[in-house]
Amino acid sequence: MQNSPVAHQRVLACAYIGIDTLYQEFHIPQQGYNEKQAEESRIKYGKNILSGRASDTALYRLRRAFINPFTIILFVLAAVSFLTDVVLASNFSQNITTPVIILCMLLLSGIVRFIQEMRAKRIADHLTQMVSSTVLVLRNDRWLRISSEDLVVGDKVRLFAGERVPADIRLIWAKDLFVSQSVLTGESAILEKNSDTLICGQAQSYSDYHNIAFMGSSITGGTGEGIVLAVGKDTVYGGFSAAEAHPKNGFDRGANSIAWVLIRFMAVLIPIVFVACGLTKGDWLAAFLFALSVAVGLTPEMLPMVINACLAKGSAAMGKKQTVVKNINAMQGFGSMDVLCVDKTGTLTGDKITLEYYMDVLGNECQYALDLAYLNSLYHTGVQNHLDDAILRYREIPEQKMHYMELEQQHPKLDELPFDHERRFASILVRHGEENLLIIKGSVEEVYQKCSYVEYKSERHKIDIHGHASVHAIVYEMLEDGMKVLAVAYKPLRQETISPEDENGLTLVGYLAFFDAPKQSTADAIAKLQKLHVNVRVLTGDNQDTAVSICRRLGIDTAHTLTGAELERLTDNEISVKLEHTTVFSHLSPKQKMQVVQTLRANGHTVGFLGDGMNDLPAIVESDVGISVDTAAETVKEAADVILLKKDLNVLEEGIQEGRRAFANVSKYIKITASSNFGNIFSIVIASVCLPFFPMTALQLLLLNLLYDILCLALPWDQVDEEVCSKPLEWSGKTLGRFMRFFGPISSIFDIITFAYLFFVLCPAVCGGTFASLSGSEEQARFIVLFQTGWFLESMWTQILILHLLRTQRLPLLQSRPSRPVMLVTLLGTMMFTLLTFTPMGALIGLTALPPVYFIFLVAIVLFYLLWVTLAKRWYMRRYHELL
């Protein structure tokens, strides 16, 4: 048994008891639980929700909104301010204003973030419900299809091919039930399950529990019924989820990279501010408070909220374009995706495949080959596929109905070995008169290798040394035309059960040729994706000639191709180099598809995978963005991050555009805000050394930062230039530090000019003398208030206006206009915060009205600042070939 986590003891014990005892143990009536009994079981054993999903509640989001490093700093500031201004102050100098305002800021920030997070949660929950998995369960003597989350211990359920096992289940009946437990064991082997009771000590590993279907396993073939033994976190899969849960996309890695850049800036600047203020002002407690405010002032406080707003808006917009984003963080993957891997069938080609030819080994029409293929498709209980559907459509031809009805009656099913992607064929055993007949249908190469004979005009012949060349000559032309070809073979048997050892010494009967025409819209969609710098790689299990033929018609480069066999022979170093240039991969197993995705990711690509079959499941799980369609198997839809309600690459192209727009708006906020804040802090360091007082109070600095962040909440609705969306965007802190160091000090230059004007010109003119010449403390206090108000307004104006300048690579307002919400919010915000200095509220936070002459200076300095940044922006773009 694997070390940890392990199956619940209840599950292990039930594997060794009979079915009748099982019914008695859980008090299960023959008609199944009623709603009351189901609720009692739910209370006793828990809900069928994994720990990660269960923790995503309103209470969890409320805690996350109010408890984070930034709010803790605000709370510490409020506590220290309350201690110094109220508790330790004399009765005459007590002032509770500062701690109250800080707490109000904390409350406002948390409330705004909580509202936005709940909005994002509602969108995500609604979209998840659209694609949630269901299960057939017996309740009140009726078989009902309910959400798998509503399952309880003791429920009787039915399982079908293509589904994912929704809980740990003891099987009570099974018919050719084959499952893959790779999600638990990492092994790709397909296991057959049955309902036989285990003998004590028989099971040593998960694979030995042949009567238990573990949660998360994929059903590859057959049907079964069982009793639910464990749900949610009590299941083996639930234990793995809790112990090993990790985001598969790069969202958190990118966010952590950005956070570390900001932390490094803090680690350098905050001690400098603390020491500089302490030495020059002599008040170490005030210096400590001011250094704490610098910590908050340097960091974009609303970063999580703005990110959530951008991603939520993007996912909502994609929902209107027939795209369901189950995982909102997958929007980041869309924004940075540079490689899209797609399966061929149904993605590049149409969903409806037509059986064009059924022929013998020499290429002549052969009804017997079609009859054998029909029986194989009819009785095959694996996941439904388009090829079987195309064969079974022949019974709908009016003059053929009686023929196929008689065929079914004469050849009842006895046993099967379902299709798997290692063998590449399906085996069915049917009654055939006094003997039985093993019928095999699948890949030409794999079926031929199992054959010792060929049949032509009812005569069997031993395969000679030229047999392979003969097969190739018959099917090669059809493969070159883009057709998919299957081989059909048979073998007489005496027994009524089959095993893989029986799949040898077969007789080859003939071939089936299917026409899988490329979609008309696909070539245009691929051209659009290539224009967006998204390289399309085709990963298919089909024959190489077929794949190359289809890709050529769609304009996909086929100069570099690779088969599964060739991939196996490559070394690790060769694979990394080879995969960078290969665009068409054929004859791949599910494991090899996953290997290709892993290698591309290891090479530094952000990889999306679009598929709908069980063979695509490992690659979908491994990719940065797993994409499926609403008609895919339940297992595949559960694993995917994004569900396309229409299987069309044009829909995906629109999704990538939307993801990049959301991504670009997040990038605007992070880079512009962080660089503006860095410039302010850099100015504070200089001012702290040169001025006899603080250039701005801790409260004013925090308020300025909060007000600016609130205005930035309009950014998710901003327009994004076409050239920004034309290439993948990187989500990391690598370029953030460079952007901050370049644009931050520019604002500091104009801050210093403002300091000089306020300290040497405006304040002395209004107060009647320089700061040093003013004798009374009230006069000096007025000097300080005028100075701090002047810099507050200059910082606010430049921060808001620089947003318009740096949000685009083009000339702002003329070549690239912001959206109406951004324009309206920034204009109203600038006006309101300017008018704030003339109100009693402004006086409450240490601001005062300034004379008209200052606003003439303010307009002039801001215009010069914007001109200077425009020139700097052009130089930056020439040097680094990007802005955001």
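I took contact to mean heavy atoms within 4.5 Å. The model is predicted: local features need pLDDT of at least 70, side-chain atom pairs count only at pLDDT 80 or more, and totals for chains, interfaces and linings use all residues. Residues are numbered from 1 along each chain as its sequence is written, and side-chain values use heavy atoms, with hydrogens and water left out.

**Entry: V135**

I looked up V135 and, leaving aside neighbours within four places in sequence, found contacts with L144, R145, I146, S148, L151, V157, R158 and P166. V135 is in strand β1, residues 134-139. I use DSSP runs for helices (H or I, at least four residues) and strands (E, at least two), numbered from the N terminus. V135 has 1% relative accessibility and counts as buried. For burial I use under 20% relative accessible area, with over 50% as exposed and partly exposed in between (1.4 Å probe, protein chains only).

**Entry: charges over rings**

I noted R158, whose charged end sits over the ring of W143 at 4.0 Å from the centre. The charged end of K462 sits over the ring of Y453, 5.1 Å from its centre. The rule asks for NZ of Lys or CZ of Arg within 6 Å of the ring centre and within 35 degrees of the ring normal.

**Entry: aromatic pairs**

I paired rings of Phe, Tyr and Trp (its six-membered ring) if their centres lie within 6.5 Å; planes under 30 degrees apart are stacked, over 60 edge-to-face and the rest tilted. How many aromatic pairs does this give? The count is 27. In one of them, F693 and F759 have ring centres 6.2 Å apart and planes at 40°, so the pair is tilted. F693 is in the loop between α26 (649-690) and α27 (698-711), while F759 is in helix α29 (residues 736-767), 66 residues apart. F693 is buried at 5% relative accessibility, and F759 is buried at 16%.

F693 also pairs edge-to-face with F783, at 6.2 Å centre to centre and 75° between the planes. F783 belongs to helix α30 (residues 777-806), so this pair ties the loop holding F693 to a part 90 residues apart in sequence. F783 is buried, at 0% relative accessibility. I listed one aromatic cluster made of F693, F755, F759, F760, F771, F783, F787 and W791.

**Entry: the eight-stranded sheet**

I read the strand order of an open sheet of eight strands as β8-β23-β22-β21-β9-β18-β20-β19, with mixed pairing. Strands pair if DSSP finds at least two bridges between them. Which strands stand at the edges? They are β8 (323-325) and β19 (561-563), each with a single partner strand, so one side of each lacks a neighbour in the sheet. The average twist from one strand to the next is 20°. Axes are lines fitted to C-alpha atoms, for helices over the stretch in contact, with angles from 0 to 180 degrees between N-to-C directions.

β22 (residues 625-629) and β23 (residues 642-644) pair in the parallel sense over three bridges. I627 stands opposite V642 in β23.

**Entry: helices α22 and α23**

I found helix α23 (residues 590-602) packed on the sheet, touching β9 (339-342), β18 (535-539), β20 (584-586) and β21 (607-610). The direction of α23 makes about 160° with that of β21. The axes of α22 (residues 572-581) and α23 come within 10 Å and cross at roughly 90°. α22 and α23 are therefore roughly perpendicular; that term covers 65 to 115 degrees, with under 35 roughly parallel, over 145 roughly antiparallel and the rest oblique. I575, S576, L579 and E580 in α22 meet Q595, V596, T599 and L600 in α23.
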